[in-house]
Amino acid sequence: MVSADPILARLLLAMATTLLLIGVIAAWTSTNLVKRVVGLLFAMLGALVGAAALAAPAALLMLGAGVALGYFLVAAALIVRVQEAYGAVEAAELDSADGVDEPAEPKA
Amino acid sequence: MSAELALLIALGAPAAQTLLVLALARPPGLRDAVHVGMTLLTALACASLLSAAAHGEAVRLVLARPLPNVDLAFHVEPLGALMAAVLSGLGVLHALHTAGYARATHEKAPARQMAFIALANAATMAVAFSANLFTFFVAYQGLILAVFPLVAHRGDEDSRKAARAFLATLLTASVGLLLPAMVWTYAITSALEFQPGGVLAGRVDALTANVLLVLYVLGLAMAAMPPLHRWLAATSVADSPALVTIQALAVLPAGAIGLLKIAAYVFGPALHSESMDDATLASRGLILLAGVGMGGAALIALSRQDVRERLAYSAMAQILAVAIGVLLALPAGLFAAALQVVAFSCASATLLMAVGTTVAVTTRERVADYSGLGRIMPWTFAGFAVASASMIGLPPFAGAWSKLWLITASTGAGLVWAAGLVALAAILTFAHLGPLAVSALAGRAPTDAFKRPDGASILLAAPVVLGALATLALLLFADPLASYLAPMWTPRS
Amino acid sequence: MSGYLELARLHAPVLTLLALLAGAALAFVSPSRRLAWVLGIAASIAAAVFSVDAALRVLVWGDAPIGAVEGLALRADGVSLFGAAALNTAGALVAITAGAFIAEASSRTGPYVMALLLCVVAGWSGALFASDALGVFAGAEIAWLASVAMVALSAERGALNGALRMLIAGGVGAALFLLGAALLWRAIGSTDVFYLSAALIRAPGLAASGVGLMLAGLALKAGAAPLNFWLGAAMGRASGPAVLALGVLGMLGGVFVIVRFAAHAAPAPALGAGVSAVLAALGAASVVIGSVQAVGARNLRRLAAYACVAQCGVALLCAALGSPAGFAAALVQAFATLAAMLALFTGAAIGVGGARSLDALDGMGRRAPLAGVAITASAISLMGAPLTLGFLGRWRLVEAGVGAGWWWAAGAVIVTSLAGVFFGGRLIERLYFRRAVATQEAGAGAWGIAGAPAMISAIAAICLGFAPTLLLRAADAATAFVAGGGP
């Protein structure tokens, strides 16, 4: 891909990196768990597109896609169980429900 | 007994004693017999090693090589042998006293107490006979961990708090200051062996020597150098047998032995030499700190009404005298420091055992309550008076010799002010111990003194008297000790 | 017969993975949790035997090469043999200790937990034996997803929150690794780990970025600070087996993989400085942040996990040195951390069962003396007390660090030890100098031999510190095997 059209490839790589960064930021900072998972999928999609733009071997792309699918499935299952257990998917509500009987500790 | 075997016994017997005392906790007679018997065995082994060191026998015991190029090793040299002999000899008296104290006070867990005393003795022996800085560090850490349960032995909130302060101060200082100093020394010399003349001599610049000296002296928080001295007063809430171990037989002496070994065998001339590549600046600063600390501690002791607390501050003043002697870095200073450790251990053990006897028999702990007790416990308080006189430095008691040497060494080094601080501390020690001994002996006898109607048992009184006799006997040994210790500051050619 | 045995020993990496994966499959379909436990123990012990035998033959006796397996992209080097032997031995011990909890697990989830535990060990072992970045990626992701599932299967709902955070963090790590691997491919035309040091690097900047991203992705899974935001939530409320899998196997598995990757990348002139900088930053941050978090922790499992972060930080600092001595020190430190964590987690599992608060330790020294000894041994090793493995690891760092002029590394060691004094001292004080205020939960459901690993790891943490010759020789040989390309 790179050798065919280097400008397009670089553009694609830049877009992919941006997508990855947006995904990471969303996954890290979003207060809603569903949004976090969507952010995570964006990040993985960005990584896959970036890898494709860099002409990575097919095995790497397929493995990456498989891993992304695995993450999506596990995340979907977890969100369903979280909704059942807490009745909410907002991170703050979950943290406050968990933190009721726990004293504060230093954070990273 | 071969010297190797004696060294093995000196190190192994107290460790075995720990297990035996716990295993043979009942009947009490057997437990006490094992405790005293094993301590006696240790003392005999140490006496044999004292003689081996006098004859210049080279004895070395390597237990393991836990690091490349660094052994866990012990050897016999004059300083270690002398300290081990004195401390283990006093340990026999302490073992007798502990047995008597446990019976008189109906101690709840005497076997546990004796076991940790034995473990502390084992660690102290390891400190004394350590052949290198690594072994010293291992033994030092072991001593901290062995004494921690002794401080917390009573199990109440006060003793637990004191134990936490003890552990936190000593471990933090050893890990934060002593360990970096050791690592730094290894980085410079690629060796950690103790050797007369010092491993650092000629290998360090002035800045490194000064920083290293500060790290070593403050890292050895067992020597109670301000500002790392608070653990000493905090632990005065411990039971009497633990106090003897902490102040007279294990912790403070181990700190002092550490200072002596590091000055003589790590720094040597690097501490103070004619050239500029030495630690003169740091040593002067530390002498000032120790001198002011000495005076301060003796003054604070004067204000304390609890006898154990008063003795803790008094002990601090005495042990800081060792630091001054060491930091003067002259043969006279080193000898004064070594003699001071010996005299202090004898006197302090006697004083603390006398206080323990008093607590066991009368439950009295306040200074004001001591008045006249000497009339009904004459042997105990005669010992108390002799030990007090030695702590003060009254001629002709042993403490006077060490203080005299210290003053001579200070003036010899051109530090008249240091000599003045030593003299001032002696006067303040007189002020806080003299009147106490005098009022105990000369005051009117109390009518309701005894909790125990039969008075002090022989196990409680005899060790005090024998301790006082040991203090008196030291009078005769000042000169022989000076020649015995000469190899410390005279490297073999 | 001996010919077949030799052939089997030659392909120890494959057999290790096969034993674990077959055990996982059998445990998964097993009808009872007890059978699953027995199968799990058998499989993990078989894997441990294969991997330890391979490590001893190559690293200690030096008498046999380990063959590559064509088609499976597996190839062992010194670090992978050392790491896999340590990890699989720990895996077997964890599988045994899991009996303390699995007796209390439901009969539905019990077999799954055991199967997932074996998948965690298999995943990290696969990542260690992989010959190229794809294999490392696949192994790490299998291990990670299995860890997430283990946490999610915990009985308490709080664990779901932790599992989700883990998943997000792991996914971000996976994305970074994937992009990094692609960048590396672009720069050197290969993702072969063994090719890194000798590769003709066409675009040094691209290659360094790729390796940096891959290391960051792995560090996220190893719990290196400041990327360990998932750790507190996951460890705080997960079930016992999940905590064991994550705190002992997951974090250390990640560290071994990082060390191996760095050992291959560091010799390349275009990569060495970048690898060193990334690992030094992660190591220093882990030491400081992990120590502060451990000192402030009120939850026993979190305290152990944060202590592990600080210890792993020391291992990363060792690896950051980039020299054979540094990598050998990293292996020794990782091994020391593994032994200490194993003793701490398994001791706590046996002594206080599922209890999490530090209060649960009060008076445990009298109530459960053997578990108390295991935790004490671990605490002493974490403090870095002399004659323990903890001291040995740090000493090796200082030795290697001072030799390279990295004086600040000695400072990091001091910080770790000082923090260790505080939290280790607190553990010991609670064990022996406090009385239990309420009826404490003990590992009442523990099955017979579940307590053995605690004692084995405690003995290892102390005895190997006393006589470390074999360990040091193996670590040196492991590093030489990477540097020289052969045993």
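Predicted model: local features only at pLDDT ≥ 70, side-chain atom pairs only at ≥ 80, totals over all residues.
**View 1. The contact between chain C and chain A.**
Of the two pairs of chains in contact, chains A and C share the most contacts. This contact draws 42 residues from chain C and 38 residues from chain A. On the side of chain C that touches chain A, at least two residues each come from helix H7 (133-152), helix H8 (158-188), helix H10 (231-237) and helix H12 (269-296) of chain C, and the largest share, 18 residues, is that of H8(C). Sorted by class, the residues on this side of chain C are 27 nonpolar, nine polar and six charged.

**View 2. The contact between chain C and chain B.**
Here 20 residues from chain C meet 22 residues from chain B. Helix H17 (389-403), helix H18 (407-433) and helix H19 (452-466) of chain C each provide at least two residues of the side of chain C that touches chain B, and H18(C) gives the most to that side, with eight residues. The residues on this side of chain C comprise 16 nonpolar, three polar and one charged. Chain A and chain B, by contrast, do not touch, and their nearest C-alpha atoms are 21 Å apart.

Chain A contains four helices and zero strands, and its pattern along the sequence reads α-α-α-α. Of the 108 residues in chain A, 35% are buried, and among the contacts in chain A with a separation of 6 or more, 52% join residues 24 or more positions apart. Leaving aside residues up to four places away in sequence, Thr31(A) touches Glu90(A), Ala91(A) and Ala92(A). Thr31(A) and Ala55(A), which are 24 residues apart in sequence, lie 35 Å apart in space, C-alpha to C-alpha.

**View 3. The packing of helices H2 and H6 in chain C.**
Helix H2 (residues 12-29) and helix H6 (residues 110-129) of chain C pack at an angle of about 160°, and their axes are 8 Å apart. Angles over 145 degrees count as roughly antiparallel, and H2(C) and H6(C) are therefore roughly antiparallel to each other. The crossing of these two helices, H2(C) and H6(C), is left-handed. Among the residues of H2(C) that meet H6(C) are Leu17(C), Leu20(C), Gly23(C) and Ala27(C), while the H6(C) side of the contact includes Met114(C), Leu118(C), Ala122(C) and Phe129(C). By class, the contact of H2(C) with H6(C) has 16 nonpolar, four polar and no charged residues. The buried residues of H2(C), including Ala12(C), Thr16(C), Ala19(C) and Ala24(C), pack against helix H1 (2-10), helix H3 (33-60), helix H4 (78-97) and H6 of chain C. At 1.5 Å a residue, the 18 residues of H2(C) should span 26 Å, which agrees with the 26 Å between its end C-alpha atoms.

**View 4. Helix H10 of chain B and the glycine that follows.**
Helix H10 (residues 251-267) of chain B has 17 residues that should span 24 Å at 1.5 Å a residue, and this agrees with its end C-alpha atoms being 23 Å apart. H10(B) is mostly covered, with 17 of its 17 residues buried. Just after H10(B), Gly268(B) takes a positive phi of about 60°.

**View 5. Backbone details in loops of chains B and C.**
The peptide bond from Arg26(B) to Pro27(B) is cis, with omega near 0°, and Pro27(B) is found in the loop between helix H1 (3-23) and helix H2 (28-54) of chain B. In chain C, the peptide bond from Ala225(C) to Pro226(C) is cis, with omega near 0°, and Pro226(C) is found in the loop between helix H9 (204-222) and H10 of chain C. Ser190(B), although not a glycine, has a positive phi of about 60°; this residue, Ser190(B), is found in the loop between helix H6 (157-189) and helix H7 (206-219) of chain B. A positive phi of about 60° is also found at Ala224(B), which is not a glycine and is located in the loop between H7 and helix H8 (230-234) of chain B. Ser190(B) is exposed, with 11 other C-beta atoms within 10 Å, whereas Ala224(B) is buried, with 31 other C-beta atoms within 10 Å.

Technical notes. Residues numbered from 1 in each chain as written. Chains lettered and ligands numbered in written order. Contact = placed C-beta atoms within 7 Å. Nonpolar A, V, L, I, M, F, W, Y, C, P; charged D, E, K, R; others polar. Buried ≥ 20, exposed ≤ 12 C-beta atoms within 10 Å, placed from the backbone. Expected span 1.5 Å × (residues − 1). Axes fitted to C-alpha atoms, helices over the stretch in contact; angles between N-to-C directions. Parallel < 35°, antiparallel > 145°, perpendicular 65-115°, else oblique. Left-handed = near helix turned anticlockwise from the far one by under 90°.
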